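Hi there,

Here is the structure I promised to pass on.

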Amino acid sequence: MGRSDVALMVRQAALHVWKVVVTNTPRTLREILPTLFTLLLGCLASTSFDKRQVAARTLGDLVRKLGERVLPDIIPILERGLESEQADQRQGVCIGLSEIMASTSRDMVLTFVDSLVPTVSRALADPLPSVRQAAAKTFDSLHSTVGHRALDDILPSMLNNLNNPDPEIAERTLDGLRQVMAVKSRVVLPYLIPQLTQPPINTKALSILASVAGEALNKYLHKILPALLTALSKTESAAEELVYCQAVVLAVCDDAGTMVDLLLDATQAENISQKQSALQLLAAFCTHTKADYSSYVPKLLHGIIYQFKDQDEKNLQLAWEALNAVCKSVDTKQSNHLVFEIRQAIKFVMSDFKHLEYLPGFCIPKGADPFVPIFREAILNGSPEIKEQAAQGWGEVVKVAAKEGLTSPVLNMTGPLIRILNERYTWNIKSAILETVALLLAKAGSNLKQFLPQLQTTFLKSLQDPNRQVRLKAATALSHLIVVHSRTETIFVDLHSGVKNSEDITIKETMLQALRGVISPAGDKMSDQVRRTVFMTLREGLGNPEDTIRSGTAGCLGALCKWLSPEQLNVALNDHILIDDPSLDPILRHGRSSALFVALKESPDSVFSSLYCDKVIKTILSHLQADKISIAMNGVRSCGYLFLHLMNICSTIPSQLLNPFTRLMNQSSNEVKQLVAHICSYLGKSGVTLSPEFQKATIPMLVNGTKEKNCYVKSNSEIALVSVLKLQQGDATLQACLNLLDTGAREALNDVINKVLRKVSTQMDTKIEELDDTLIA
C-alpha cells in the first residue's frame, strides 16, 4: 500500500523497503493477501480521498502485475468480504471489484464471471444504500466488460425479488435497480420495461425507476403510459397508485410533446375508467411538470376543451384543473394568439355536439375562470383586431356557459369591456363588445348590479352612434339590462324622448327597436303616467309614411298591450288596432295590422279574450282578404300567432279563419304563399301539439304547395310538411295524419313523402325562424 501512496517520497521509501525485505514477490503477496485485503476494503470505502486513492492504486497494481495468479485468491476474499458486518468492508468489496474489472482483461473477467455475478447481485440487495450505490457502479463495470450477460444473469432474479413476500427485501431490490438505472439507464431500461409493463403492473417500481431514467425514458412512453392507465383504472388502492403513476408522468422533463400527445389520445378512450385515469394524469402533468410545454398549449387547449362535453362531474373537474394549469402556465402578455385557438376549440366541440346548449365544463363553479387573464389582456392591450376577436370570443364562452361558471369572470371581465366601449374605437369593436355584454346580462345580470348605472349610460349613448349595427346591439343589451335594473323610469323616459324628438329616421328606427326591447320584458316597470305618454306617441305613429318607423311603432304598441290596464287596452283595441275599413288609408291599415299580430304574439290571452274575440276574428279576416300584399301577410302572421295560442290552450281554431288561411295557397302572390308555408313550419317546430282540424286543413294545402312552380314556395311547403308531420322524430304523427285524410289526399301525401320529404327531413334545420317582421334582425 505504501508503494501506491499519493506522496512520491512515501512510494520511493516503500519500494526500497519492499526490495530489501521481500525475495519472492508473488509468494509473499499470496501469503499476506487476506490481511492486505482487509485493509484495502476498509480504505476503498473510506471517506478520506487519499485512502481511497491509495487502495484503488494498490488493487490495480496487484491485478495488472499478477493477473491470473492472484485473481483466484482475490475473488474468494471479496466474496467473504460481503459477509462482513462492517458497512465499509462491504462497500469496499464493490469498489474493489470495479477496480479489478477496470485493470484486467475481458478474458480474465469472463473466467471468473460465474463468481462475480452472484457477488454483484448480493451487493445490489445489500441492506445499506451506500453499498447498493457502489454495487451499481460495479454492475456498470461488469456490463462494460461482459456485455448482455450481466443483464441476463443479474436482472431476472432482481425482478423476481420485487414481489418477494418480505417487504424489506423487495424494497432493497427496488432501490438496487434504481441505482443500476441511475448509471446504466439506456441499457437497462429496454430490458426492464417489457417485464414491468406486464400485468400485474408494478407502478411503484416504474415510478422509482422513471425518476432516474432520464431521457432514456422518452423512447418507451408509448408502452409505459397504457400500462399505467390500465393499472390506475383497475386498482382498488387508487390514491396510492395515482401517486406512483403521476411520478412516472412527471419524470418526463425533456419530451413534453410525446407526453402531451399520448395523454390527449388517452382521454378519448371509450372505457370510462381509463378516460378518467388519463384525465387525472393529464391534470397532474399540466399542473406539476417541470417540462416546457409552451409550444403545445394550442394542442392542449383543443384537447382539454373537447373534454368539456363530458357529463361526468369528476371528469369535468379533472379537465378543468388541466385547463387551469395550462392557462396559468401562459405569459398573459404573450397570449393574444390563444384567443383564436380558444374560439376554434369551442366551435369545434359545439359543431360535433349540436344538441348541447351549454358545454358542461363551463357549467361547473368557476368553469370559465381559466380564460379570464387571456381575454382580459387581449381586450385591454391587444391590437384593434385582437380586441374584436377577444370580445367575440368571450361572448362565445358566455354563450356555452351556465351562470354558475360565470360568477367570478363576470366581475373581472365587465370592467375592461365597459372601458373599451367608452373609448374611441371602430364600430366593429363596439358592436362585438355590446353583443358580449348583452349575453352577460342575459346569463348573469344579477351579478352585474354594481355596473348597471354605468352600463345604462353607455347603452343609451350607443343608441346615438352613427353605425346602425352598434345602435341595434345597444338596443338588445338595454332589453337585457332593464330586466335586472331597479331604476328603470329614466330609461323609458329617455327612449320615449328619442322616439318623439329624433329627426334622423335611422336613429328613430333604432330608438323604436330599443323601446320595444324594454317594453316586452319590463313594461310593468313603467309608471302609469309614462305608459300613457308612450301610448299616445305610438298611436300617432301607426300611419307614419316611413315603412321602418311605422313597423317599429306598431311593434311597440302591440307589445305595450300586454301591460295596459283594462281601460287603456279597450281604447287601444277598439279605437285603433281593431278598426279596419278597406276604405281607410292603406298605410294606416298596415300599421294597425302589424300592431294586431304583435299584440297576439305578446299577449294573446288579453287580446283574444271573450270581450274582443269576435272583433279580432273579423279584423284578421279583413286583413287576409286585403288587396295590399303587406296587409294580407300581416293577416297571415296574426293567424299564426292566434293558432299557436289556441292550440296551446287546447281550444278549437275558428273555421272562419282556418279555411281562408288555407285558401291563401291559391293566392296570386308568391310572397303570401311562402309565408303561409312558413307559418305552418313555425307551428310544427314550436313544440305544441297540432290540432287534428289544423292538420286536416293544412296538409293537402301544403302538398299542393310542393307542386308550385316557384322554387321558394315549393321548398317552404316541403319544409312545412316535414315539420307538421314531425318526420324527423319518426312516423307516429304521419300515421295519425294519414288516418285523418281522404283517399286522394292520402295517396298524394304518400307520393310526396316517398319522392321528396324523406330526403328533406335528413337535411332540414330544426331551428325556429322569427315570423315577426317588426323586429330588426
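Below are my notes on one helix and on some salt bridges.

First, a word on how to read the values. This is a predicted model, so local features need pLDDT of at least 70 and side-chain atom pairs count only at pLDDT 80 or more, while totals for chains, interfaces and linings use all residues. Residues are numbered from 1 along each chain as its sequence is written, and side-chain values use heavy atoms, with hydrogens and water left out.

**Helix 36**

Helices here are DSSP runs (H or I, at least four residues), numbered from the N terminus. Helix 36 covers residues 692-705, 14 residues in all, and spans 20 Å from its first C-alpha to its last, close to the 20 Å expected at 1.5 Å a residue (the expected span is 1.5 Å times one less than the number of residues). At Thr698 the helix bends by about 25 degrees, and Pro700 follows within four residues. The bend is the angle between axes fitted to the seven residues ending at a residue and the seven starting there.

Thr698 is also among the buried residues of helix 36, which include Phe694, Ile699 and Leu702. Buried means under 20% relative accessible area, exposed over 50%, and partly exposed in between (1.4 Å probe, protein chains only). What covers these buried residues includes helix 33 (629-648), helix 35 (670-685) and helix 39 (743-763), where contact means heavy atoms within 4.5 Å.

**Salt bridges**

Side chains of opposite charge can pair when their charged atoms come close. I count a salt bridge when a side-chain nitrogen of Lys or Arg is within 4 Å of a carboxyl oxygen of Asp or Glu, and by this rule there are 22.

One of them joins Asp772 and Arg516, at 2.7 Å from N to O. Asp772 sits in the segment after helix 39 and Arg516 in helix 26 (residues 505-522), so the pair ties together parts that are 256 residues apart in sequence. Both Asp772 and Arg516 are buried.

Glu770 and Lys601 form another, at 3.3 Å from N to O. This pair also links distant parts of the chain, 169 residues apart: Glu770 is in the segment after helix 39 and Lys601 in helix 30 (residues 586-602). Glu770 is partly exposed, at 46% relative accessible area, and Lys601 is partly exposed too, at 25%.

How are Arg516, Lys601, Glu602, Glu770 and Asp772 linked? They belong to a network of salt bridges.

Best wishes

How values were computed: Helix = DSSP H or I, 4+ residues; strand = E, 2+ residues; numbered from the N terminus.
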